[in-house]
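Try each task before reading its solution.

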Amino acid sequence: MTQYQSDLLRLLNDRGYIHQLTDEAGLDALASRSVIPGYIGFDATADSLHVGNLVSIMLLRRLQQAGHKPIVVMGGGTTKVGDPSGKDEVRKLLDNEGIEANIASIRTCFERFLTFGDGPTDAILVNNADWLDSLEYIPFLRDVGRHFTINRMLTFDSVKLRLDREQPLTFLEFNYMILQAYDFVELNRKYGCTLQMGGSDQWGNIVNGIELGRRVDGSSLFGLTSPLLTTSSGAKMGKTASGAVWLNADMLSPYDYWQYWRNAEDADVGRFLKLFTELPLDEIARLERLEGSEVNEAKKVLATEATAMAHGRAEAEKAANAARTAFEEGAISADMPTVEIDALETGLGLLTALVQAGLCSSTSDARRQIKGGAVRVNDAQVADEKMVLARDDLTGEDVIKLSLGKKKHVLLKPKG
């Protein structure tokens with residue numbers, strides 16, 4: 001195993017963040033003697049980030065913990081182009097107002113993970129539209145575009161994937177890798193940024209930026225990628241049957257966020273504790289040794305610690321208590337997710353209710369869950385897919401408890 005000298009690379013290595021490094025010895029030496037400004041870019045394609053972005057966010061957090069300066073780059077400019085990496089089709093383009101609204105909403109995600117300010121290791125958030133929007137096309141092609149050959153660009157996975165599958169790749173998207181490379185150069189000029197980090201699918205883009213910096217400015221830049229994260233069964237992180245696992249509480253409740261981590265596969269618990277919590281490594285090692293039903297205790301620790309990171313300790317404890325009330329006591333907790341409905345006077349079909357509550361992705365999914373015996377109404381198993389929920393089903397708390405399996409519960413509450 002590599003013995004790193006810098007606190008930064010030791011921390012990242014011990015917790016499983018390192019996949020590739022462009023100049024391991026050079027970066028280690030630089031991190032040992034000076035503060036490194038390092039960045040990761042995030043395109044503003046939605047108004048919240050999700051669990052799939054969490055490794056990148058945690059990379060910036062670890063960078064700051066090791067005494068260095070995180071730079072969050074919001075892709076106000078590159079979002080107008082669209083990153084083709086890992087995509088089979090062209091993304092829908094957003095207008096300026098939509099992009100700005102998304103950036104304002106996404107910033108709240110980072111404020112829970114990073115300390116922003118004017119100090120040498122305080123995080124800053126910048127928008128690449130500030131320099132990309134003002135570029136003049138012909139001078140940019142002359143000064144930057146000449147350093148990129150079509151031959152090499154065609155070898156990148158983001159391009160090959162589309163071409164191999166005979167899916168269209170627009171000329172607009174084809175320019176994305178040049179713009180991202182130019183971001184690194186501009187960040188080095190403006191902020192002294194010498195490190196770009198990202199997922200392993202960004203390796204080619206990062207190397208492009210390093211090479212461009214060397215060619216145009218003679219800069220010595222570095223790149224670090226983390227492993228692309230999937231669950232032990234091969235599923236993509238941050239996706240569930242009912243949709244993305246968003247980091248903003250207004251898009252996914254802290255309770256549902258807690259449940260996502262509580263439902264982690266047994267084989268993933270130790271790895272996730274290292275990546276997504278602040279627990280000491282010796283405590284994580286103890287939790288990793290748990291076997292059988294005791295693994296569930298480690299999962300609860302993971303869920304509570306990960307939720308505390310994203311939503312605060314108070315919300316994490318509320319979610320844990322609500323889960324304990326629902327699972328271990330079979331009772332109703334006010335902290336369970338609540339969905340307001342207005343159809344009880346005329347009745348609400350159970351299939352529709354399951355979809356509206358976010359427990360099932362479609363009525364056909366709901367039908368399958370009912371047939372499989374996974375659905376309960378007020379803790380009573382339901383076998384009739386034609387069941388209609390009405391006011392008679394309200395409990396003493398004036399709610400209907402709708403459950404899918406043992407771990408997912410939603411309270412239906414009449415409007416008004």
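**Exercise 1.** How do the side chains of R189 and E186 meet?

This is a predicted model, where local features need pLDDT of at least 70, side-chain atom pairs count only at pLDDT 80 or more, and totals for chains, interfaces and linings use all residues. Residues are numbered from 1 along each chain as its sequence is written, and side-chain values use heavy atoms, with hydrogens and water left out.

- Step 1. R189 and E186 meet in a salt bridge, 3.9 Å from N to O. A salt bridge is a side-chain nitrogen of Lys or Arg within 4 Å of a carboxyl oxygen of Asp or Glu.
- Step 2. Both sit in helix 10 (residues 176-191), 3 residues apart, so about one helical turn separates them. Helices are DSSP runs (H or I, at least four residues), numbered from the N terminus.
- Step 3. E186 is buried at 11% relative accessibility. R189 is partly exposed at 46%. Buried means under 20% relative accessible area, exposed over 50%, partly exposed in between (1.4 Å probe, protein chains only).
- Step 4. A network of salt bridges links E186, R189, K190 and D217.

**Exercise 2.** Find the salt bridge that D7 forms.

- Step 1. The partner is R10, with the closest N and O atoms 2.4 Å apart.
- Step 2. D7 and R10 lie 3 residues apart in helix 1 (residues 7-14), so they are about one helical turn apart.
- Step 3. D7 is partly exposed at 48%. R10 is partly exposed at 34%.

**Exercise 3.** Is T325 buried or exposed?

- Step 1. Locate T325 in helix 16 (residues 313-328).
- Step 2. Its relative accessibility is 17%, so T325 counts as buried.

Methods:
Helix = DSSP H or I, 4+ residues; strand = E, 2+ residues; numbered from the N terminus.
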